[in-house]
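Subject: The structure we talked about

Hi,

Here is the structure I promised to pass on.

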Amino acid sequence: MPQFASRFTLPLNPSRFHFHLFPSSKNIIPIMSFSSSSPSPSTTNPKEEKIPENIDPQKLAQVIKYHNETKHSFTNYARGPRGLDWANQPNPFRRYISSPLVPLLHLPTDSQNQTLSSSSNDDNIPLYSSLFTSLPPPKPLTISSISQFFYDSLALSAWKTTGFSTWSLRVNPSSGNLHPTESYIIAPAIDSVCDSPFVAHYAPKEHALELRAKIPSGSGFFNKFFPKNSFLIGFSSIFWREAWKYGERAFRYCNHDVGHAIAAVTMAAAGLGWDVKILEGLGYKDLEKLMGLHIFPEFQIPSKPVKGKFPEIEFEHPDCVLVVFPSGSREFDVNYEKLSLLIKEFSVLDWKGKPNLLSKEHICWDIIYRTAEAVKKPLTTRNAFAVDPFYGSGIFNENCYKGFTVREVVRKRRSAVDMDEVTTMDRETFYQILLHCLPSGSGSGEKQKRQLALPFRVLSWDAEVHAALFVHRVKGLPKGLYFLVRNEDHIGELKKVMRPDFEWQKPEGCPDDLPLYELARGDCRQLAKGFSCHQDIASDGCFSLGMVAHFEPTLRNNNVWMYPRLFWETGVLGQVLYLEAHAVGISATGIGCFFDDPVHQLLGLTGSNFQSLYHFTVGGPVLDKRIMSLPAYPGPEVDA
């Protein structure tokens with residue numbers, strides 16, 4: 001088995017770094033060098049290769065340009081602000097001024113107190129781990145169930161305060177806690193909410209719905225296409241919220257957050273016995289009309305980064321719409337062409353509310369908006385809507401879970417700021433966590449490829465994201481580099497393009513249906529830290545990882561709008577890791593700052609067939625006792 005040396009030297013201003021690889025069959029120690037002074041030279045020029053007729057080569061070139069220009073390296077970070085303009089920090093709460101506000105019900109968090117603060121006959125909340133094997137009977141669509149759905153997915157989870165600073169946390173995580181993702185519900189009439197079908201914006205600070213528009217009852221919008229007790233959830237992104245801090249790399253982070261939000265609502269829905277599926281055939285214009293986002297003025301993209309007053313930069317970019325429906329339902333007739341025609345009529349609805357201003361001044365990073373334009377998806381009527389049977393995930397060590405309900409796990413999820421360098425994890429727990437990261441479930445004989453298990457079944461494409469794992473503190477498992485293959489159709493290509501001296505051996509005790517492979521042994525804590533922008537958190541936990549996507553072939557074969565969707569898939573996987581960590585009694589954190597091409601060079605990857613899109617770490621958290629926690633509701637009277 002190849003071994004990594006524990007020595008790792010990294011100068012303060014490195015242009016190269018070295019690590020030593022010890023092949024077990026040789027006495028010679030070859031030294032590998034990784035240049036980080038410039039982006040990978042292996043990026044494909046879209047004009048040089050044959051591009052399918054349905055792919056716009058200029059759009060593909062724009063996406064690849066954006067991805068390469070927003071890579072971090074050891075000597076150069078992606079372009080961004082040189083400091084934080086605190087006077088113009090965006091308001092994290094969008095409100096539609098003058099739109100009617102409908103308060104939702106507040107619910108208890110602890111399993112010891114299952115009674116709603118308002119009278120209800122809800123059954124006990126299911127255990128978190130139980131959802132991966134089967135869903136409970138579906139709840140009816142009521143104000144109580146809708147309240148629970150939002151409370152366990154997109155609501156505030158706590159307030160934090162220290163000194164003169166106070167800020168909110170949410171159930172769905174966000175890069176830098178900036179929350180660019182906005183959410184909408186399109187639903188049939190619900191007693192105590194609205195007496196007709198409606199579109200509403202979810203206001204997490206108030207845990208309330210802002211009624212934006214009423215849909216005529218006679219339109220047949222729901223009963224023509226969806227089963228009874230179904231509704232839609234839409235997501236949009238305000239790029240400015242992330243760009244305020246992160247500059248040009250913000251488009252990546254916004255799409256990570258969309259993925260986290262998709263998984264958050266999928267898990268909350270599962271707790272209510274509801275299934276969720278993306279309506280992938282709808283186009284950008286359909287989503288815009290469906291959520292009422294056509295009211296925003298068109299943003300004229302400047303030719304270069306510009307600072308000034310651009311209130312129109314606070315528009316919402318529609319990302320996706322999901323259908324939420326009772327599990328087991330098969331009564332679908334989603335004809336995307338007919339659905340799109342009906343959505344066109346939404347532009348003439350009486351839309352209520354004016355969006356609030358989030359900042360006084362802005363910086364426009366033009367490459368973000370050019371890339372967002374390039375990946376706008378049109379209506380695609382060939383996308384047949386299908387709901388696959390529910391596939392359960394593997395059970396290897398169910399005893400590792402602490403008996404938490406799904407609400408306790410999702411609402412107590414936090415992003416660790418530091419790891420303790422002490423906490424260890426049993427090998428069996430490690431394997432159990434990874435079994436829940438598989439897209440196709442376990443035990444059915446289905447190879448890993450199709451996204452059939454919770455929560456990945458919400459996505460409509462085959463799995464395109466794998467995980468390269470740095471194992472630091474897993475009892476019974478050698479330290480080293482491992483690889484989780486989440487689409488087994490890719491394994492031949494992966495072995496061919498990655499380092500030839502990787503072993504690709506199943507580790508000891510690994511379940512047969514877990515495609516996890518040991519590549520090389522050794523202490524790689526300093527490597528993990530170095531690759532993740534020198535952050536200790538990547539080396540101080542039980543394990544960390546980089547999510548490696550099947551990149552340019554996916555863009556070429558499935559079109560350029562797959563670019564944000566690859567990040568959504570990483571966000572869904574990241575949300576599973578968050579929840580799994582908390583369910584076994586530890587913590588986790590997503591890492592958006594990492595050195596892209598050095599990671600590829602470590603793995604032996606050249607070209608852009610595979611790219612690292614997101615990093616993550618799991619371990620024992622260090623709690624900052626200077627920070628006080630306050631309840632989510634009622635919160636303090638602040639806007640942060």
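**What I found**

P634 sits in the segment after β25 (628-630). The bond that joins Y633 to P634 is a cis peptide bond, with omega at about -10 degrees. Before you go further, keep in mind that this is a predicted model.

**The overall picture**

The protein chain has 14 helices and 25 strands. Of its 640 residues, 61% are buried. If you take the contacts with a separation of 6 or more, 79% of them are between residues 24 or more positions apart.

P455 belongs to the loop between α9 and β18.

Next, look at two residues with a positive phi. N177 has a phi of about 55 degrees, although it is not a glycine. You will find N177 in the loop between β7 (165-170) and β8. N559 is not a glycine either, and its phi is about 95 degrees. It is in the loop between α12 (552-558) and α13.

Are these two buried or partly exposed? N177 has a relative accessible area of 27%, so it counts as partly exposed. N559 has a relative accessible area of 5%, so it is buried.

**A mostly covered helix**

Now go to α3, where six of the eight residues are buried. These are F239, W240, R241, E242, A243 and W244.

**Salt bridges**

The count comes to 31 salt bridges. Here are a few to click on.

Start with R249 and D596, whose side chains meet in a salt bridge at 3.2 Å, N to O.

Then try K447 and D489, where the closest N and O atoms of the salt bridge are 2.3 Å apart. This pair also links distant parts of the chain: K447 is in the loop between α9 (427-435) and β18 (465-471), D489 is in the loop between β20 (480-484) and α10 (491-497), and they are 42 residues apart. K447 has a relative accessible area of 44%, so it counts as partly exposed. D489 is partly exposed too, at 37% relative accessibility. There is a network here as well: salt bridges link K447, K449, D462 and D489.

One more salt bridge pairs K352 with D350, with the closest N and O atoms 3.0 Å apart. K352 is partly exposed at 37% relative accessibility, whereas D350 is exposed at 53%.

**Two helix pairs**

Two packed helices are described by the angle between their axes and the distance between the axes. Let's do that for two pairs.

The axes of α4 and helix α13 (residues 562-583) are 6 Å apart, and the angle is about 55 degrees. That angle falls between 35 and 65 degrees, so the two helices count as oblique to each other. Their crossing is right-handed. On the α4 side, the residues in contact include F251, H256, I262 and M267, and on the α13 side they include Y563, F567, W568 and L579. By class, this contact has 13 nonpolar residues, eight polar and one charged.

The second pair is helix α1 (residues 57-69) and helix α7 (residues 366-374), with axes that come within 9 Å and cross at roughly 140 degrees. These two are therefore oblique to each other as well. Here the crossing is left-handed. From α1, the residues K59, Q62, V63, Y66 and E69 meet I367, R370, T371 and A374 from α7. That contact divides into four nonpolar, two polar and three charged residues.

Cheers

Conventions
Residues numbered from 1 in each chain as written. Predicted model: local features only at pLDDT ≥ 70, side-chain atom pairs only at ≥ 80, totals over all residues. Heavy atoms only, no water. Salt bridge = Lys/Arg side-chain N within 4 Å of Asp/Glu carboxyl O. Buried < 20%, exposed > 50% of the residue type's maximum accessible area, 1.4 Å probe, protein only. Helix = DSSP H or I, 4+ residues; strand = E, 2+ residues; numbered from the N terminus. Axes fitted to C-alpha atoms, helices over the stretch in contact; angles between N-to-C directions. Parallel < 35°, antiparallel > 145°, perpendicular 65-115°, else oblique. Left-handed = near helix turned anticlockwise from the far one by under 90°. Contact = heavy atoms within 4.5 Å. Nonpolar A, V, L, I, M, F, W, Y, C, P; charged D, E, K, R; others polar.
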